[in-house]
Amino acid sequence: MEPVGQVNALEIPRYAGPATFARLPRREDVDGFDVAVVGVPFDSGVSFRPGARFGPAAVRQGSRLLKPYNPALDVLPFAVQQVVDAGDIACNPFDIGTAIKQIESGLRDLTGDGARAVTIGGDHTIALPALRAAAAQHGPVALIHFDAHLDTWDTYFGEPYTHGTPFRRAAEEGLLMRDASAHVGIRGPLYDPRDLEDDARFGFTIVHCAELDDIGARGAAERVRARVQDAPVYLSIDIDVLDPAYAPGTGTPESGGMTSRELLSMLRGLAGLNIVGADVVEVAPAYDHAEITSVAAATVAYELVSLLAKGRS
């Protein structure tokens, strides 16, 4: 059976029609699916500006302009695989531990038959249950993490589960392959020089944002590809990896970030990797202007779906 694709924008204006991601069918509208785009409206783990709980709705709104053919990757991402909008995973906003369990359960339900999930946050806390769900299917994974921040700190205010700690917990839980993961876009001040020492101890390498001036997006992609090789890969993208000029609507903005073009170029440079799951997080629309951040995040999600399609075509 042919996949059910988008509502035709040449027949129904893009500002009308369903409010799903890219105006795709809902999970319940099809018999099965290969890729689920799912929202997680959770931001109880933030350490500065809240509001990412409204990220999934904003990204869906920002996705209305997306079209069925991706010329940069030469793929029809909604034609070679069935992509659905699986709605939102509802989770407890007052109990982070309970919310993490609910997110993991929801993602296991979506991916239990071999489907892939592209998760829209929400804050970066949600990456931990997403990695748990991915590792349950594929074993330890290589993580490619785009972010201004390391997110391998131990605790915030004594709490071990926050948006600044998910990858330390993931490493401690054995969800990540040893010495196969990378941070991209890291910049800004740290709490202590030991932050970098701890991060290296957990098996990460770093492509600092300033390095892009010398090696460019293509060189960064090549370095990351050499790092992960043929391992199962999970991609986690904090929208604050972009400079605030390109993504003002986020909780912890840092100057000196990537441009939208650099991020998209680098993602396209990862085509052919064994990608088993992905997320886009930290869109906080209350701080956005003219949907700049939500459009950027929606485009990133589209590229992620296209990368999954590229693996099938």
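In strand β8 (residues 274-281), the bridge partner of Val118 is Ala278. Strands here are DSSP E runs of at least two residues, helices are H or I runs of at least four, and both are numbered from the N terminus. Two strands pair if DSSP finds at least two bridges between them.

Before going on, the model is predicted: local features need pLDDT of at least 70, side-chain atom pairs count only at pLDDT 80 or more, and totals for chains, interfaces and linings use all residues. Residues are numbered from 1 along each chain as its sequence is written, and side-chain values use heavy atoms, with hydrogens and water left out.

Back to β3. What do its side chains do? Arg116, Val118 and Ile120 point one way, Ala117, Thr119 and Gly121 the other way, and all are buried. Buried means under 20% relative accessible area, exposed over 50%, and partly exposed in between, with a 1.4 Å probe and protein chains only.

Strand β7 (residues 232-238) is joined to β8 by 7 parallel bridges, and Pro232 stands opposite Asn274 in β8.

Axes are lines fitted to C-alpha atoms, for helices over the stretch in contact, and angles run from 0 to 180 degrees between N-to-C directions. Contact means heavy atoms within 4.5 Å.

Next, the cores, meaning sets of buried Ala, Val, Leu, Ile, Met, Phe, Trp, Tyr and Cys residues joined through side-chain atoms within 4.5 Å. The largest has 57 residues, and Ile144, Phe146, Leu235 and Leu304 have the most contacts inside it. Its largest share, 11 residues, comes from helix α8 (residues 292-310). Leaving aside neighbours within four places in sequence, Leu304 is in contact with Val118, Leu235, Ile237, Leu267, Ala278, Asp279 and Val280. Apart from that core lies another, of 34 residues, including Ala117 and Phe167.

How does α8 pack against helix α1 (residues 55-62)? The angle is about 80 degrees, with the axes 7 Å apart. That makes α1 roughly perpendicular to α8, a label covering 65 to 115 degrees. Ala58, Val59 and Gly62 in α1 meet Ser294, Val295, Ala297 and Ala298 in α8.

Last, Arg168, in helix α4 (residues 166-172). Is Arg168 buried or exposed? Arg168 is buried, at a relative accessible area of 10%. A polar atom of its side chain lies 3.1 Å from the backbone oxygen of Thr152. Beyond four places in sequence, the residues Arg168 touches include Asp151, Trp153, Asp198 and Phe202.

Notes:
A polar contact is a pair of N or O atoms within 3.5 Å; within protein, one must be able to donate a hydrogen and the other to accept it, and residues adjacent in sequence count only if both atoms are side-chain atoms. Angles under 35 degrees count as roughly parallel, over 145 as roughly antiparallel, 65 to 115 as roughly perpendicular and the rest as oblique.
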